[in-house]
Amino acid sequence: MSTRQAIGSNRPPKRQTRPLALVNARLIDPASNRDETGGVLVEDGVIRDLGPQITRTGLPEGAEVIDCNGDVLCPGLIDMRVQLREPGEEHQETIETGSLAAAAGGVTSMVTLPNTDPILDDVAGVEFIARRARETKRAKIYCYGALTRNLEGKDLVEMGMLAESGALGFTDALNAVADTQVMRRALNYSKAFGLLIIQHPEEPRLAAGGAMNNGELATRLGLPGIPACAEVMLIERDLHLVRMSGARYHVAHVSTAAAVEAIRNAKQEGLHVTCDTAPPYFSLNEAEIGDYRTFAKLSPPLRGENDRRAIAAAVAEGIIDCIASDHSPHDVESKRVPFAQAACGVIGLETLLPVSLGLYHNRSVSLSNLLKCMTSRPAEILGLPQGRLAKGAPADMTLIDLERQHKIDVASFHSKSKNSPYDGRPVQGAVRRTFVDGRQVFAAEGTA
Amino acid sequence: MSDPARKPAAFYPHRHLLGIEGLSADEITRLLDLSQSYAERPKDDHRARSLLSGRTVMNLFFENSTRTLTSFELAAKRLGADVINMAVSTSSIKKGETLLDTAMTLNAMGPDVLIVRHPESGAVSLLSQKVDGAVVNAGDGRHEHPTQALLDALTIRRRRGRIQGLIVAICGDVLHSRVARSNIHLLTKLGAKVRVIAPTTLLPSQIDKMGVEVFTDMRKGLKDADVVMMLRLQLERMQGAYVPSIREYFHFYGLDYDKLEIAKPDAIIMHPGPMNRGVEIDSELADDINRSVIREQVEMGVAVRMACLDALTRDLTGANT
């Protein structure tokens with residue numbers, strides 16, 4: 001049985017009947033550089049007031065009070081890259097189970113990829129997600145639209161209309177747009193509407209047939225390798241097109257030092273370029289594959305130790321804007337096969353925070369800068385009003401016990417799929433409570 | 001996979017034979033000594049005949065093979081085992097589940113030894129985690145082919161008396177070759193100086209880190225070699241732009257009398273088969289009984305596989321070394 005439970009599924013969605021006060025918290029708001037002891041007062045799902053003056057005394061009548069015991073209260077995490085497998089592959093994950101996992105992981109907003117079945121390349125698909133999101137109260141769910149029809153890399157989708165329906169950006173998900181002319185047109189067209197284009201950075205022909213990072217380990221295991229330069233090659237091609245078009249370009253799950261360097265230069269040049277990485281790329285390297293462990297098979301593949309360090313350093317330096325879970329649920333049948341045949345990807349919603357906190361605990365990055373990568377920075381890139389602790393902002397918040405040491409226990413996860421490489425890994429830091437629009441959607445055991 | 005701590009005094013302290021990489025030099029030498037003893041026995045040796053009597057050996061081949069399958073079958077029969085051959089067509093295993101489904105089905109029939117060949121690297125190791133009997137890797141993808149390396153080593157030892165200090169040149173499609181990988185592990189563990197010779201497109205990344213010297217010029221690589229081990233060039237590699245043509249490949253990397261001059265005068269020529277005459281090896285040279293030991297390799301294959309089956313089933317039979 002699960003040791004944690006989600007709460008609040010049957011509460012009314014909109015009106016907050018009682019004001020809620022979270023007191024005695026360490027308030028961290030990366031957007032405003034706030035880091036102080038205090039409280040937050042929530043009314044009608046919105047932050048009414050916050051700061052050291054919010055204590056047990058002087059609260060509105062009838063307010064529900066939660067003492068945070070000095071734990072960190074920060075904006076709810078925004079995970080800008082997840083796959084929830086609905087519609088189409090509900091045996092691996094659903095919007096419901098993914099939302100439970102999100103709430104348990106402190107994630108209050110997430111953006112799904114369009115590689116569902118059917119593919120999200122028309123208005124109806126985007127509106128389906130929007131409707132399911134309204135029905136699911138635990139986390140806010142958004143989606144990206146496909147960049148090209150059927151993710152085939154040929155014809156553009158109706159970007160403007162999909163954006164009006166709520167698509168936050170456009171991407172061909174796990175496919176890189178191979179055709180340079182199509183990518184050029186996509187960037188040019190998106191510029192007219194100011195839309196965000198997200199690329200899976202891998203030169204597809206160079207990576208074709210590859211199962212893991214190219215190098216000594218691939219040679220020993222007899223697995224076809226993907227050269228690390230496949231990543232920077234595609235990014236550099238795209239950067240030329242970004243320079244021509246002036247479009248907004250976001251690189252997903254950056255995994256190599258060379259890619260970081262290219263993005264650093266593009267940012268210095270003033271191009272509208274942002275990027276994210278996922279925890280495996282700064283916490284694991286290719287050695288994790290060991291004796292053909294398919295839970296360590298990702299796309300892009302886990303790289304060598306030098307690249308892993310470069311990614312951690314780039315998060316610390318702020319070259320990497322965001323950390324996304326890249327949550328990729330897969331059933332047992334997709335992973336318990338010979339390595340080259342296994343599906344790529346790992347689940348990440350419930351490990352995003354504790355694994356990322358490793359960068360804080362090993363003193364690579366400050367807590368505020370780390371949380372920024374999962375709160376205000378993705379909110380800015382995606383154009384969302386949440387991701388900050390501020391008067392008038394949506395009361396999406398995560399309460400974190402920074403110091404709590406525990407071992408990751410995949411059996412306790414809410415996600416339908418269990419393909420995590422982190423099972424049994426000791427981590428420090430745990431989500432205590434999660435709030436969406438002022439409603440508590442998750443409380444760890446012992447905090448009720 | 002293996003648990004040396006569990007039975008420290010055993011002749012062969014592993015449950016399976018999945019690769020050479022996990023074996024120690026001592027373990028390899030013991031297997032070679034035992035193989036030699038089988039090579040010396042008459043075919044109808046009665047003691048050997050009863051060794052695996054009542055045991056079931058299953059050949060489970062997910063990839064076409066004639067010689068390896070036959071060799072294992074003969075080895076098991078000479079030890080008195082009941083042998084079942086299962087050829088699983090490659091098309092039906094495209095969906096990977098079938099591999100473990102098949103493994104579990106066969107496991108329920110209680111085979112003592114499963115001999116498995118699979119086109120994917122790591123597939124035999126995966127299967128070995130799901131069965132109760134001993135598993136022998138008869139070749140998995142580009143990864144390992146341990147009995148081939150053992151039979152090659154036995155052949156070298158019989159012809160040269162030792163392995164330590166010999167210069168062994170492995171030539172050809174190293175990139176796609178499990179034979180090359182298993183041989184590199186085995187020969188370097190036993191102290192040979194191993195060279196690989198191939199066009200750069202057929203050399204795996206960072207192969208030098210496996211302890212070999214790398215040559216792209218065959219003439220330089222063959223200098224003073226005691227053993228020249230040729231690898232099969234799969235003709236479909238032409239489509240992948242690995243080499244421009246068979247003519248060019250044979251010109252630079254095919255073994256002929258002219259290039260063989262550069263090796264030691266008594267250097268032996270090996271090939272795991274099946275050969276592409278005129279692609280990687282000159283046809284006449286392949287049949288030259290003074291230089292080519294290809295026939296002996298096939299013969300040693302049976303002895304090595306008898307030794308491996310013997311070693312893996314000793315715990316089952318309760319015999320001691």
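**A walk through a predicted two-chain model**

At 29% relative accessibility, B:K264 counts as partly exposed, a label for values between buried, under 20% relative accessible area, and exposed, over 50%, found with a 1.4 Å probe on protein chains only. This is a predicted model, in which local features need pLDDT of at least 70 and side-chain atom pairs count only at pLDDT 80 or more, while totals for chains, interfaces and linings use all residues. Residues are numbered from 1 along each chain as its sequence is written, chains are lettered from A and ligands numbered from 1 in the order in which they are written, and side-chain values use heavy atoms, with hydrogens and water left out.

B:K264 lies in the loop between α10 (257-260) and β9 (268-270) of chain B, where helices (H or I, at least four residues) and strands (E, at least two) are DSSP runs numbered from the N terminus. Although B:K264 and B:D226 are 38 residues apart in sequence, their C-alpha atoms are 5.7 Å apart in space. Leaving aside neighbours within four places in sequence, B:K264 is in contact with B:D224, B:A225, B:D226 and B:R291, contact meaning heavy atoms within 4.5 Å.

Two packed helices are described by the angle between their axes and the distance between the axes. In chain B, the axes of helix α1 (residues 25-40) and helix α6 (residues 146-160) come within 10 Å and cross at roughly 70 degrees; axes are lines fitted to C-alpha atoms, for helices over the stretch in contact, and angles run from 0 to 180 degrees between N-to-C directions. α1(B) and α6(B) are therefore roughly perpendicular to each other, the word used for angles of 65 to 115 degrees. The residues of this contact between α1(B) and α6(B) divide into 7 nonpolar, 3 polar and 3 charged, where Ala, Val, Leu, Ile, Met, Phe, Trp, Tyr, Cys and Pro count as nonpolar, Asp, Glu, Lys and Arg as charged, and the others, Gly among them, as polar.

Turning to the backbone, most residues other than glycine have a negative phi, and most peptide bonds are trans. A:A173, in the loop between β10 (170-171) and α4 of chain A, has a positive phi near 60 degrees, and at 0% relative accessibility A:A173 counts as buried. A:D44 has a phi near 55 degrees, also positive, but A:D44 counts as partly exposed at 41% relative accessibility. The peptide bond from B:G273 to B:P274 is cis, with omega near -10 degrees, and B:P274 is found in the loop between β9 and α11 (283-286) of chain B.

Conventions: Parallel < 35°, antiparallel > 145°, perpendicular 65-115°, else oblique.
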